[in-house]
Amino acid sequence: MIIDAHAHIFPDKIAEKAVEGIGSFYGMIMRFDGKIESLLKVGDRAGVDKFIVQSVATTPAQVEHINDFIAGAVKENPDRLIGFCTIHPDHEDVCGEIDRAAGMGLRGVKIHPDFQQFCIDDDKAMKIYEHIEGKMPILVHTGDYRYEWSKPERMARVLDAFPKLDVIGAHFGGWSEWDDVEKAYAGKNIYVDTSSSLYDMTPEKARYLIDVFGADHVLFGTDFPMWNAAEELEMLNRIALSDEEREMILHKNAERLLNI
């Protein structure tokens, strides 16, 4: 069993534009077009069984439309897709929309402070964490050397404030700021994923970070459509892991976190 815990999908009519925007933001070449059909084909070739899918609302007005789309995609592909809803801290009814999304079968929340332009530990974001603490996990983009919004130390403050909140810190807890994560998260309870990370580190560095967080708190992720699942799995296989650790990262941790 392989679960990709970090994949983005978009409606066909806007997928090309959305993917182009992400690539431009990070200055990276995007491997795929962001469509559901492409995701499933990539998964079939790589042997990925399930995907946790989401998209990010860059404005409050986009929230409901995106959540309806993600819920619809999951309904059409119930054996392959697990959906996370989006929310924006400036949405007029944060709690009500999260509850509506949960009622449609979405299993977690995704936020991207850099895209949405708010600090992880901003007061206006606290209502999100308070509402879902102990109820559902939240996948948070963490880290970017260019911005202050998603710094690992900001995520650490949230973890202190909400000790029962299940957080997945994307990109090993701090994209492009991996040298800072050990200090920031020392003694904290946080899950992380491997997405958009392995391309920029040695297998030894990845093994070190896995030890920092614990293999039981690391999830495999690809950040589709940015990366190819087969290549990400190949890089994961270069890391010195026991069979038990590999199974935890590939699916068991996600299954436990989401009660699958």
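Predicted model: local features only at pLDDT ≥ 70, side-chain atom pairs only at ≥ 80, totals over all residues.
Across which strands does helix H2 lie? The views below answer this and describe the surroundings.

View 1. Residues are numbered from 1 along each chain as its sequence is written, and side-chain values use heavy atoms, with hydrogens and water left out. Helix H2 (residues 36–46) lies across S1, S2 and strand S3 (81–86). H2 runs at about 150° to S2. H3 lies across S2 and S3, at about 170° to S3. Axes are lines fitted to C-alpha atoms, for helices over the stretch in contact (heavy atoms within 4.5 Å), and angles run from 0 to 180 degrees between N-to-C directions. Helices (H or I, at least four residues) and strands (E, at least two) are DSSP runs, numbered from the N terminus.

**View 2. The open sheet.** Eight strands line up as S1-S2-S3-S4-S5-S6-S7-S8, with parallel pairing. Two strands pair if DSSP finds at least two bridges between them. S1 and strand S8 (218–219) are the edge strands, each pairing on one side only. S1 and strand S2 (residues 50–54) run parallel and are joined by four bridges. Alanine 7 has valine 53 in S2 as its bridge partner.

**View 3. The largest pocket.** Its volume is about 450 Å³. The lining has 18 residues; Phe10, Ala18, Ser55, Val56 and Gln62 are the closest to the centre. Helix H1 (12–26) and helix H3 (63–76) each give two or more residues to this lining. H1 provides the largest share, six residues. By class, the pocket lining has ten nonpolar, seven polar and one charged. Ala, Val, Leu, Ile, Met, Phe, Trp, Tyr, Cys and Pro count as nonpolar, Asp, Glu, Lys and Arg as charged, and the others, Gly among them, as polar. On a 1 Å grid over the protein atoms alone, a pocket is an open set of points with protein on both sides within 12 Å along at least five of seven lines, whereas a cavity is a set where a 1.4 Å probe fits but cannot get out; lining residues have an atom within 4 Å of a point. Grid points are joined across faces, edges and corners, and a volume is the space filled by probe spheres set on the points.

**View 4. The cavity.** The structure holds one cavity of 30 Å³ or more. The largest cavity has a volume of about 150 Å³. Of its 16 lining residues, Tyr26, His112, His171, Asp223 and Met226 lie nearest the centre. Strand S1 (3–8) and H1 each give two or more residues to this lining.
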